[in-house]
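Here is a quick tour of a model you can follow on screen. Have the sequence and the 3D view open side by side.

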Amino acid sequence: MNTLGLFPGQGSQRPGMAAWIVDHPAAAAVFRRADEILGLPLSTLCVDGTAEELRATEVTQPAVVATSLALLAARTQRPDAVAGHSLGEFTALAAAGVLDEESVLRLVRRRGELMAEASARSAGAMSAVLGLDVESIEKLCATVDSGSVEVANHNQPTQVVVSGHEVAVGELEQLAKAAGAVKTVRLKVGGPFHSRLMADIAADFGAELDRYEFRPPAIPVLSAVTADYVTDPAEIRDLLRGQLLAPVRWVDTVRRAVADGYDELLELGPGQVLTGFSRRIAPDVASAAVSAP
């Protein structure tokens, strides 16, 4: 089988998410290095941390990535290609050899800090809309006049996440329900991610990205920003900068992989969020989440 490794992003964290793997020697080594590199007790937080402790964006992001890296290190079989959902793109790039482990951990820590700062400056929110397609949601966003709201994630054919000013997200929720949405779910996240409200940190994060060496990928990498393959290190760096503002085109990304012959979609990280998405995007393709090394 041709396996596409899928790496989850923020929202997949949960208490005890690394308890089942932290004692594996290779996984334990990843957590030890992460603790030392970042000065955060990730090895403890990912096993014993509370939901509230794991919710802080500046903690969530390195915690999710460290757990995914630990899981990857514990496996002998590697995927043939990789893709990551938002934050998960950093883990995908580590898996493909574009960035080394230390660089990825430092970058996601800084990314989380900057996103937390931006969120504190804006009254933002995110909401999942179920039962409408992305084109319908985009049209509704264009009619909102109480503030900025836009599509942030296209996770599955009829699940779209919007992001923006809190009041504008609330208005969009009401419009969506009137248009036939099954329901809307306000997300418990730290801010309006993947929206123009993140624009003020793009330059700062871009400067951070410029400090690190990017190498050509050793295996194919699909970007969820473009739903296309990326091979040029400079392009990858630019996409990570723009990713803060751009929507996650997850449906298009998975469909592209399936069209190109990847017949196993394997989630590598805490939880099974991406596996659920995969089964709705490509129900005829084998999808699974790794729950043990």
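## The sheet and its surroundings

Strand E4 and strand E5 (residues 159-165) run antiparallel and are joined by 6 bridges. Strands here are DSSP runs (E, at least two residues) and helices are runs of H or I with at least four, numbered from the N terminus. This is a predicted model, where local features need pLDDT of at least 70, side-chain atom pairs count only at pLDDT 80 or more, and totals for chains, interfaces and linings use all residues. Residues are numbered from 1 along each chain as its sequence is written, and side-chain values use heavy atoms, leaving out hydrogens and water.

Within this pair, Asn153 has Val161 of E5 as its bridge partner. The open sheet has 4 strands in the order E4-E5-E3-E6, with antiparallel pairing; strands pair if DSSP finds at least two bridges between them. E4 (149-156) and E6 (183-186) are the edge strands, each with a single partner, so one side of each has no neighbour in the sheet.

Now for His85, in the loop between strand E2 (81-84) and helix H5 (88-95). Leaving aside residues up to four places away in sequence, His85 touches several residues, including Asn153, Trp250 and Phe277 (contact means heavy atoms within 4.5 Å). As for H5, 8 of its 8 residues are buried, so the helix is largely enclosed by the rest of the structure.

Some buried residues (under 20% relative accessible area, 1.4 Å probe, protein chains only; exposed is over 50%, partly exposed in between):

| Residue | Relative accessible area |
|---|---|
| Cys46 | 0% |
| His85 | 9% |
| Cys141 | 10% |
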